[in-house]
Amino acid sequence: MVQLSFFERYVDDFKNQSCRRLSFPDGFKQVSDGILQYGGADYEVGGQRILVSGGIHGNEVTGVEIINEIVEQIINQRLQIHGKALFVLGNGKALAMNKRETEAKANMNRMFGRILQFFIDRGLTTSYEFGRVKQIEDAVRRFEPTWHFDIHQTIEPSDPFAITQLRNPKGVATYDYDVEAFLAEAKINKVVYRPTTTISSGVFSEFTGVNFGTKAMTLEIGQISKTCPLVYQAVRDAILRVLIEGAEVFEDVKNNDPIEAYKIIDEVIKRNPSFRFYRDGLRNFDSFKADQAICFDGQKDVVLKEPVGLLFPNAKVQTGERAGVLVKKLVLAEIIQFPVK
Ligand SMILES: [Zn+2]
């Protein structure tokens, strides 16, 4: 009989609505559907607690494939890890349907943290995604990750990049050299910093970064179904190195290709259906000069007084939704003096 993988069995369960409890070797604990913990009391104490998630958007299967390969390697090679790992397969129902989400406005990567409370306050609790985010949050709260890798893909072709925030443990933004070293090891040479604001965006890696001081990042590793295999392998192997050897492994990483750092400064909102960008075929990190019109948002031209880059350009979103994110390129000194709001 063919042995089905972690992911296949999970998705199979959704298709057949069978909800089986899956069996795993010693050291694994199935926390709930598609949430698997490895390591723990019998393993090294004081190691890292590493959260790896994929498929938060159900048609972005690459993260799930990476998790699958890591789990299979642990099982087949009987790998011992430095600390504990929590593997999360995100939107199981949408993964089985190969759709981003199961219903409109149920984007799981906009539902975490304070935004979940917003859904509760408005009685918007009937979607599969709402229940799933709650289930994942409960598991993550018990786990308190020190690292979080949330793997995504982009709709259009894109250089791989990471989105993270500077951690802010005592009112002072902290620059993590080991985050940069991890990204170098993973062959990702662009990093985008979220502002350290008190307003939550509902993004999973922001939830972990803000609540547990986790070194948390959204890894956007390329286009859906056309992910660069070199980046795929590098991301998988860099995560495996953190799992097996601990984060100190990166202390000696020499980054010959210095990382490009950006900071999110604003969003472009589609104000009405007449929204349009002033350039065709826009891709992530395409840049605009100071005073150059980026788009007509439906009410006015969007023009900034400084040069900016554009991320996630998408004119097809619904009115009222985000059609793009504006980023500013930083030098290292600017990152370290990042303003804490
Ligand atoms: Zn995504």
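Two strands pair if DSSP finds at least two bridges between them. Strands (E, at least two residues) and helices (H or I, at least four) are DSSP runs, numbered from the N terminus. The views below show a predicted model, in which local features need pLDDT of at least 70, side-chain atom pairs count only at pLDDT 80 or more, and totals for chains, interfaces and linings use all residues. Residues are numbered from 1 along each chain as its sequence is written.

**View 1. Strand 5 and its parallel partners.**
Let's start with strand 5 (residues 147–154), which is joined by 7 bridges to strand 8 (residues 215–223), the two running parallel. Here W147 has K215 of strand 8 as its bridge partner. Strand 5 also pairs with strand 3 (residues 48–54), again in the parallel sense, over 5 bridges. On that side, look for S53 and its bridge partner in strand 5, D150.

**View 2. The two faces of strand 5.**
In a regular strand the side chains alternate between the two faces of the sheet. In strand 5, W147, F149, I151 and Q153 point one way, while H148, D150, H152 and T154 point the other way. How many residues of strand 5 are buried? The count is 8 of its 8. A residue is buried if 20 or more other C-beta atoms lie within 10 Å of its own, exposed if 12 or fewer, and partly exposed in between, with C-beta atoms placed from the backbone.

**View 3. V52 in the nonpolar core.**
A nonpolar core is a set of buried Ala, Val, Leu, Ile, Met, Phe, Trp, Tyr and Cys residues joined through C-beta atoms within 7 Å. The largest one here has 83 residues, and V52 and V235 have the most contacts inside it. It draws at least three residues from each of domain 1 (6–252) and domain 2 (266–336), with bounds from an automatic or database domain assignment. Beyond its neighbours within four places in sequence, V52 is in contact (C-beta atoms, placed from the backbone, within 7 Å) with residues including I67, F87 and F149.

**View 4. Two loop residues with positive phi.**
Neither residue in this view is a glycine: K187 has phi near 60°, and D291 has phi of about 70°. K187 lies in the loop between helix 6 (177–185) and strand 7 (190–194). Find D291 in the loop between strand 11 (286–288) and strand 12 (293–296). K187 counts as partly exposed because it has 18 C-beta neighbours inside 10 Å, whereas D291 is exposed, with 10 other C-beta atoms within 10 Å.

Conventions
Contact = placed C-beta atoms within 7 Å.
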